[in-house]
Amino acid sequence: MDGFTTVLHPVYLLYALFGVFIGTAVGVLPGIGPAMTIALLLPLTYSMEPTAAIIVFAGIYYGGMYGGSTTSILLNTPGESASIVTALEGNKMARAGRGAAALATAAIGSFVAGSLATVALTFVAPFVARMAVQLGEPDYFALMVVAFITVGALLGSSVPRGLASLSLGLFLGLVGTDTLTGQQRFTFGVPNLADGIDVVVVAVGLFAVGEALYVGSRMRHGPIEVIPVEKGWRGWMRRDDWRRSWKPWLRGAGIGFPVGTIPAGGADVATFLSYAAERRLAGKERRKQFGKGAIEGVAGPEAANNAAASGVLVPLLTLGLPTTATAAIILVAFQSYAIQPGPLLMVNEPALVWALVASLYIGNVMLLVLNLPLVGMWVKVLQIPRHYLYAGILLFGALGSYALNFSPVDVLLLVLVGLAGFMMRRYGYPVAPMVVGMILGPMAEDRLRRSLAISQGDLSYLVTSPFAAIAYAAIAVVLVAGIWLRRRERALEKVVADGERPRAGVQA
Amino acid sequence: MRSDVKAPEVPTTADAAPARPPGRRWGELVLAVAVTVLGAYVLVTAGGIVVPGSTNTLGPRAFPYLVGAMLVGIGVVLAVLVLRGRRGEAEEGEDVDLTVRTDWLTVALLVAALVVHVFAINVIGWPFAAALLFAAAAVVLGARPWWRAALIGLVLGLVVQVIFGGLLGLSLPAGPLLEGVPFLRG
């Protein structure tokens, strides 16, 4: 409860408001996301105290989830494939003149599920942390291998390309001075590289510069068509909409939080599972509406999305294990304030952890208020001319990497990473595994070498602990299940996009 | 409502298969080969990492060997996949039109703008270098008229300089033109 007294302090409330505001803006704007924004703000917030910075970052993390739904519902272009099922239903609703209801059910559902998931986080996290204290070095290494495999294989459409991206990230993590022996590795004799490549440069380069270059290469020209939304409070949600929405919200929360806690690809999987569940449960008459603007298809996935965002914080705070790109950047933020996430975080920094959790509760309320009545403003943001938007993204990307050391070398490196990000996007390599690999790689190497130092080189030590053995066995299960889910997702997307009646067996 | 007529060739706008320019395959192959070559480089260079005598178990070479092997393995798999026609799917996005060809000139000009920006920072100061980057990028991406983009860039550069340099204490060089102006010193 101390967390609330911290967060309710007016200054922190302002920080939280700033965070959710920025978060919603970057969520609404195409081309930038929470991971990149937090990475950009990292060098700019070094002068802030840790609690304030973490509250801002939590707000951005959460706000991005809310803002994204506004874009996919109102923007008249095919959205990102990750959220296409939701985008499709919401977009169809908006075109049918029910945009306000879609926005409202997404926002309220996000609020309900986000709050429930934060409650779950409050109770689950200390429990997991207590268990995590008993884990040894090989167990941590096993967990990281699980994270590598799932992140590499499940983010993105192609398993080998995801793993390639992950391996490239692992390589970037190798550059610099080896922590255990002090040897320089892959520095090419460049003194700036002795400290390693800064994660900020890589994250901003991949997410901001790479995205701007990629969009620039295939810019969608012509006016930005935003579907108009009716004004006023009355049209938002009818009695019938509430009746059809509340169960999907709760189910979404129930699906999203557990999926978020396991390393299974983060919010995307939760979104899809919720959509599939709603579609199955809808009954004969309602199921026909799926693909044509079913409110359940917006309510459930949007709720699951936010619940998963809280779920991701469980492994991050208790094990120091990031399972999404944004979580990986938040981990870097912790490290830059010399805070080590892990089982002892709750013991060592209780004030910070509970302030963070409390800020999630407060942030949820703020986001509900920010999103519903202010939707007109977000529509304006959505209409920023794209040439100015991407020029601005490039400018702030350059600023963020320059501000690291005030050295042009970092900005040049940024351009190189940006080019790599452009090529990866163009050929279907997901960029998120690269960031996760770069951050988690050195940690995994550390755990591996310490494990083997304890066992004096005996490799079997890595798998003899029951926990590690279970983790390695789980990889196989998660992989098979995950790839099966991906197939199902694509098949369903196709069915829904074609507007067909579902057949008995959906072939991949 | 005759949606299920046998006409699979007509793609709907939502999932229209993007027209693939013939040159695509080579670019993708180059990327796969680049991954392989990087892996081979890592494997070779890892052998040259100095191992201090004190480490008796896993030294600083082991993990690089692992990463290098992964890169080589995946690079070869990808190259084979591309050669067998299994190409990657270009990323989708709200502002991306997958049906148009890649405009390499835009990419090159954007990169050039960034590089010029980097070298301009220490010569004309951060605000003006920023204005230059913003204006150039916006015009390359289609902003008209050019002077409006330049004006917005200048205002943006100065505002950022005041907020981050002046108020938050980030040491952004204001440059010779603004020497001694209050609020701007980093």
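Analyst: Start where the two chains meet. The side chains of Glu28(B) and Arg161(A) form a salt bridge, with 2.8 Å from N to O. A salt bridge here is a side-chain nitrogen of Lys or Arg within 4 Å of a carboxyl oxygen of Asp or Glu. The count between chain B and chain A is one salt bridge.

A word on the source. This is a predicted model, in which local features need pLDDT of at least 70 and side-chain atom pairs count only at pLDDT 80 or more, while totals for chains, interfaces and linings use all residues. Residues are numbered from 1 along each chain as its sequence is written, chains are lettered from A and ligands numbered from 1 in the order in which they are written, and side-chain values use heavy atoms, leaving out hydrogens and water.

Now the interface around that pair. Chain B and chain A bury about 7200 Å² between them, with 71% of it on carbon and sulfur atoms. Phe63(B), Glu94(B) and Asp95(B) supply 12% of the area that chain B buries against chain A, more than any other three residues. Buried area is the accessible area (1.4 Å probe) that two parts lose on being put together, summed over both. The contact takes 79 residues from chain B and 77 residues from chain A. Contact means heavy atoms within 4.5 Å.

Next, the wider count. Over all chains there are 13 salt bridges. Several sit inside chain A.

Take Glu137(A). Glu137(A) pairs with Arg450(A), and their closest N and O atoms are 3.5 Å apart. Glu137(A) lies in helix 6 of chain A and Arg450(A) in helix 19 (residues 432-454) of chain A, so the pair ties together parts that are 313 residues apart in sequence. Helices (H or I, at least four residues) and strands (E, at least two) are DSSP runs, numbered from the N terminus. Glu137(A) is buried, at 16% relative accessibility. Arg450(A) is partly exposed, at 37%. Buried means under 20% relative accessible area, exposed over 50%, and partly exposed in between (1.4 Å probe, protein chains only).

Look at helix 6 itself. Of its 18 residues, 17 are buried, so helix 6 of chain A is largely enclosed by the rest of the structure. Its length agrees with expectation too. At 1.5 Å a residue, the 18 residues of helix 6 (residues 137-154) of chain A should span 26 Å, and its end C-alpha atoms are 26 Å apart. The expected span is 1.5 Å times one less than the number of residues.

Helix 19 holds another partner. Arg449(A) forms a salt bridge with Asp178(A), with the closest N and O atoms 3.0 Å apart. Arg449(A) is in helix 19 of chain A and Asp178(A) in the loop between strand 1 (176-177) and strand 2 of chain A, so this pair ties together parts that are 271 residues apart in sequence. Both Arg449(A) and Asp178(A) are buried.

A further pair is Glu278(A) with Arg251(A), whose closest N and O atoms are 2.8 Å apart. This pair links distant parts of the chain: Glu278(A) is in helix 10 (residues 267-281) of chain A, and Arg251(A) is in helix 9 (residues 239-261) of chain A, 27 residues apart. Glu278(A) is buried at 2% relative accessibility. Arg251(A) is partly exposed at 29%. Salt bridges that share partners also join Glu137(A), Asp446(A), Arg447(A) and Arg450(A) into one network.

Step back to chain A as a whole. Chain A has 21 helices and two strands. Of its 508 residues, 64% count as buried. Among contacts in chain A between residues at least 6 apart in sequence, 80% join residues at least 24 apart.

One buried residue shows such surroundings. Ser110(A) lies in helix 5 (residues 84-132) of chain A. Ser110(A) has 1% relative accessibility and counts as buried. Leaving out residues up to four places away in sequence, Ser110(A) touches Tyr66(A), Ser115(A), Glu302(A), Ala303(A), Asn306(A) and Asn364(A).

Phe186(A) is found in the loop between strand 2 (184-185) and helix 8 (199-217) of chain A. Phe186(A) has a positive phi of about 55° although it is not a glycine. Most residues other than glycine have a negative phi. Phe186(A) is buried, with a relative accessible area of 6%.
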